[in-house]
Amino acid sequence: DGAGLLQTQTEEALAELVAWGLATADSFTGLRALLVPSSKRPPIERVGDRPPGAGRRRGAVALFGMANAGRWSALRAEAHRTGPPSVLPPVPTTAPPGGRDPRSEERATPEISSAAVEAVAWALLNRYGVVFRRLLDREGLLPPWRDLLRVFRRLEARGEIRGGRFVSGFSGEQYALPEAVGRLRAVRREPRAGTLVAVSAADPLNLVGIATPGDRVAALAANRVLYRDGIPVALYEARQVRFLVDLDAAARWQAEGALKRRSVPPQLKAYLGRSA
């Protein structure tokens, strides 16, 4: 009301300020409301707008709107800048003649220290042993891949990690720990023992649909993935067991028991073998 603008104009202005990183709200409700189309937002009703006994607006509308966003406030300038904290840099409506505004790129991609990126790179190497871009599809809150690549290349130049093609079927650069390369070669020569290992779908080892063919499994704690000699053979999703490969009756029973964490009596385990 104080701005003297229409509701749509106010929302567009707030959306632009949020995109520039100059404004924020008390909660995520404002951001959700900005992402919802205007046709699906609940109308803002003032006192006396709706006559007594009149029904509400029909149709599928969102349960939240701009009226429920709480308070909007301006983000202060960075701490390292000088000057009054209430002064914000002006926001140009059009790009300068020379091209993009460098300040917009600075706000869109905040600077991350090289030490923090290197720490993330080492964490990924220690987690997976071999790192490539497709492997990080499920990872969140990571630095951009281009920043990680610079760190990996620097570590390779130091001789601390190895670069090359370690996992076939994936394009792009791959980097690995020296001990991981030797372990991969040893695993290829090991005979298959039929060992069953079940992990939660929320575990980083859930690489179904990423490092292996097929659809992905939702990263929920209730879902589980069953590996046999490192190859996914069955899934437990939505309280249903789904087999990815053909198994005989005994193997199916063992797989279901491993996925559902079903205990096997010692006498029956001795009869079925160690793989039970």
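Trainee: What makes β8 and β9 count as paired strands?

Mentor: Four bridges join strand β8, residues 231-237, to β9. At least two are needed for a pair, so β8 and β9 qualify, and they run antiparallel. One of the contributions from β9 is Val241, the bridge partner of Tyr236. Keep in mind that this is a predicted model.

Trainee: Where do β8 and β9 sit in their sheet?

Mentor: The strand order is β6-β7-β8-β9, in an open sheet of four strands with antiparallel pairing.

Trainee: Why are β6 and β9 called edge strands?

Mentor: β6 (196-200) and β9 (240-243) have a single partner strand each, so one side of each is left without a neighbour in the sheet. On average, neighbouring strands here are turned by 25 degrees against each other, direction ignored.

Trainee: Which helix packs on this sheet?

Mentor: That's α7, residues 249-259. Helix α7 touches β6, β7 (224-228), β8 and β9, and its direction makes about 135 degrees with that of β7.

Trainee: How do you know that the charge of Arg252 sits over the ring of Phe243?

Mentor: The charged end of Arg252 is 4.2 Å from the centre of that ring. The distance cut-off is within 6 Å, so 4.2 Å passes. The charge must also lie within 35 degrees of the ring normal, and Arg252 is listed as sitting over the ring of Phe243.

Trainee: What makes β3 and β5 a pair?

Mentor: Two bridges join them, and at least two are required, so β3 and β5 meet the rule. They run antiparallel, and Val131 has Tyr175 in β5 as its bridge partner. Their open sheet has three strands in the order β3-β5-β4. β3 (130-131) and β4 (162-164) stand at the edges, each with a single partner strand, so one side of each lacks a neighbour in the sheet. Helix α5, residues 145-158, lies across β3, β4 and β5, at about 50 degrees to β5.

Trainee: Which residues do ring pairs link into a cluster?

Mentor: Trp145, Phe152 and Tyr175. The structure holds three aromatic pairs.

Trainee: Where is confidence lowest, and where is it highest?

Mentor: Helix α3 (residues 102-108) is lowest, at a mean pLDDT of 45, while strand β5 (residues 174-176) is highest, at 95. Over residues 78-96 the pLDDT is below 50, yet this stretch has 22 contacts in the model beyond near neighbours in sequence. Where pLDDT is low, the predicted coordinates should not be read in detail. The protein averages a pLDDT of 76, and 69% of the residues score at least 70.

Conventions
Residues numbered from 1 in each chain as written. Predicted model: local features only at pLDDT ≥ 70, side-chain atom pairs only at ≥ 80, totals over all residues. Heavy atoms only, no water. Axes fitted to C-alpha atoms, helices over the stretch in contact; angles between N-to-C directions. Contact = heavy atoms within 4.5 Å. pLDDT = per-residue confidence, 0-100. Phe/Tyr/Trp six-rings, centres within 6.5 Å; stacked < 30°, edge-to-face > 60°.
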